[in-house]
Amino acid sequence: MQSEIGLLRNKKVLIVDDEPDILASLGELLQMCRLRNASSYLEGKALLENEQFDLAILDIMGVEGYKLLDLAKQKNVIAVMLTAHALNTENIRRSYEEGAASYLPKEEMANIATYLNELLEDKKKGVKIWWRWLDRWGSYYDRKFGSDWKDEDKEFWKEIKRYPW
């Protein structure tokens with residue numbers, strides 16, 4: 001487990017979600033980090049404006065996650081979109097195009113420390129962060145959306161899959 005979370009240790013992470021149980025669960029899963037929680041857009045915005053963070057985990061619905069993503073990018077904070085209700089290909093694409101480091105389903109957050117550590121590894125290596133997203137999540141979305149979910153925009157999915165170097 002140490003190698004799976006090594007880069008996360010003591011990272012300052014902002015979690016913005018309007019569901020108290022999600023904030024509590026992520027708090028338990030990311031105990032190796034220094035965490036700050038916000039349960040609304042305004043709280044998250046204030047924290048991003050006044051503190052430095054290494055990572056931000058942003059819900060999409062309920063806290064205006066894309067507005068927070070824009071602010072996180074301005075502050076050079078690696079932002080991950082975490083969602084249950086906005087789980088669709090349009091939001092995957094929007095997250096990618098608007099600069100999120102990843103797009104994760106809440107029902108798969110048990111392994112979030114591993115996923116975040118991978119993002120930090122890729123950032124440290126200077127490689128494109130989204131390159132392994134489709135490998136990691138492709139089968140999950142096949143089950144969720146059907147095996148043809150990538151057929152609508154094959155060029156976009158090829159771009160995400162492109163090897164990082």
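1. A helix here is a DSSP run of H or I with at least four residues, a strand is a DSSP run of E with at least two, and both are numbered from the N terminus. The model is predicted.

2. Stay with Glu-64 for a moment. Its phi is positive, about 55 degrees, although the residue is not a glycine. Is Glu-64 buried, exposed or partly exposed? Its relative accessible area is 37%. Buried means under 20% and exposed means over 50%, with partly exposed in between. Glu-64 is therefore partly exposed.

3. Asn-10 also deserves a look. Phi is near 65 degrees there, a positive value in a residue other than glycine. Asn-10 sits in a loop as well, between helix H1 (2-5) and strand E1 (12-16).

4. Next, the sheet. Five strands form an open sheet with parallel pairing. Their order is E2-E1-E3-E4-E5. Which strands stand at the edges? They are E2 (34-38) and E5 (102-105). Each has a single partner strand, so one side of each has no neighbour in the sheet. From one strand to the next, the twist averages 20 degrees.

5. One pairing in detail. E3 and strand E4 (residues 78-83) run in the parallel sense and share five bridges. Ala-56 stands opposite Ala-79 in E4.

6. Lys-12 belongs to strand E1. Its relative accessibility is 17%, so Lys-12 counts as buried. What does Lys-12 touch, leaving out residues up to four places away in sequence? The partners are Arg-34, Arg-36, Glu-51, Gln-52, Phe-53, Asp-54 and Leu-55.

7. Now the core. The largest nonpolar core has 60 residues. Which of them touch the most other members? Those are Leu-8, Leu-30, Ile-57, Tyr-103, Leu-116, Trp-133 and Tyr-141. Helix H6 (residues 112-125) gives the most to this core, with six residues.

8. Leaving out residues up to four places away in sequence, Ile-57 touches Val-13, Leu-14, Ile-15, Val-16, Leu-26, Leu-30, Val-80, Leu-82, Ile-112 and Leu-116. Two of these partners, Leu-30 and Leu-116, are also named among the core residues that touch the most other members.

9. Then a helix pair. The axes of helix H3 (residues 41-50) and helix H4 (residues 65-74) come within 10 Å and cross at roughly 0 degrees. H3 is therefore roughly parallel to H4. From H3, the residues in contact are Tyr-41, Gly-44, Lys-45, Leu-48 and Glu-49. From H4, they are Lys-67, Leu-68, Leu-71 and Ala-72. By class, this contact has five nonpolar, one polar and three charged residues.

10. Last, Arg-136. This residue is part of helix H7 (residues 133-145). How accessible is Arg-136? The relative accessible area is 33%, so Arg-136 is partly exposed. Thr-114, Tyr-115 and Glu-118 are its contacts, not counting residues up to four places away in sequence. How far is Arg-136 from Asn-50, C-alpha to C-alpha? The two are 34 Å apart in space and 86 residues apart in sequence.

Terms used: Residues are numbered from 1 along each chain as its sequence is written. This is a predicted model: local features need pLDDT of at least 70, side-chain atom pairs count only at pLDDT 80 or more; totals for chains, interfaces and linings use all residues. Side-chain values use heavy atoms; hydrogens and water are left out. Buried means under 20% relative accessible area, exposed over 50%, partly exposed in between (1.4 Å probe, protein chains only). Contact means heavy atoms within 4.5 Å. Axes are lines fitted to C-alpha atoms, for helices over the stretch in contact, and angles run from 0 to 180 degrees between N-to-C directions. Angles under 35 degrees count as roughly parallel, over 145 as roughly antiparallel, 65 to 115 as roughly perpendicular and the rest as oblique. Ala, Val, Leu, Ile, Met, Phe, Trp, Tyr, Cys and Pro count as nonpolar, Asp, Glu, Lys and Arg as charged, and the others, Gly among them, as polar. Two strands pair if DSSP finds at least two bridges between them. A nonpolar core is a set of buried Ala, Val, Leu, Ile, Met, Phe, Trp, Tyr and Cys residues joined through side-chain atoms within 4.5 Å.
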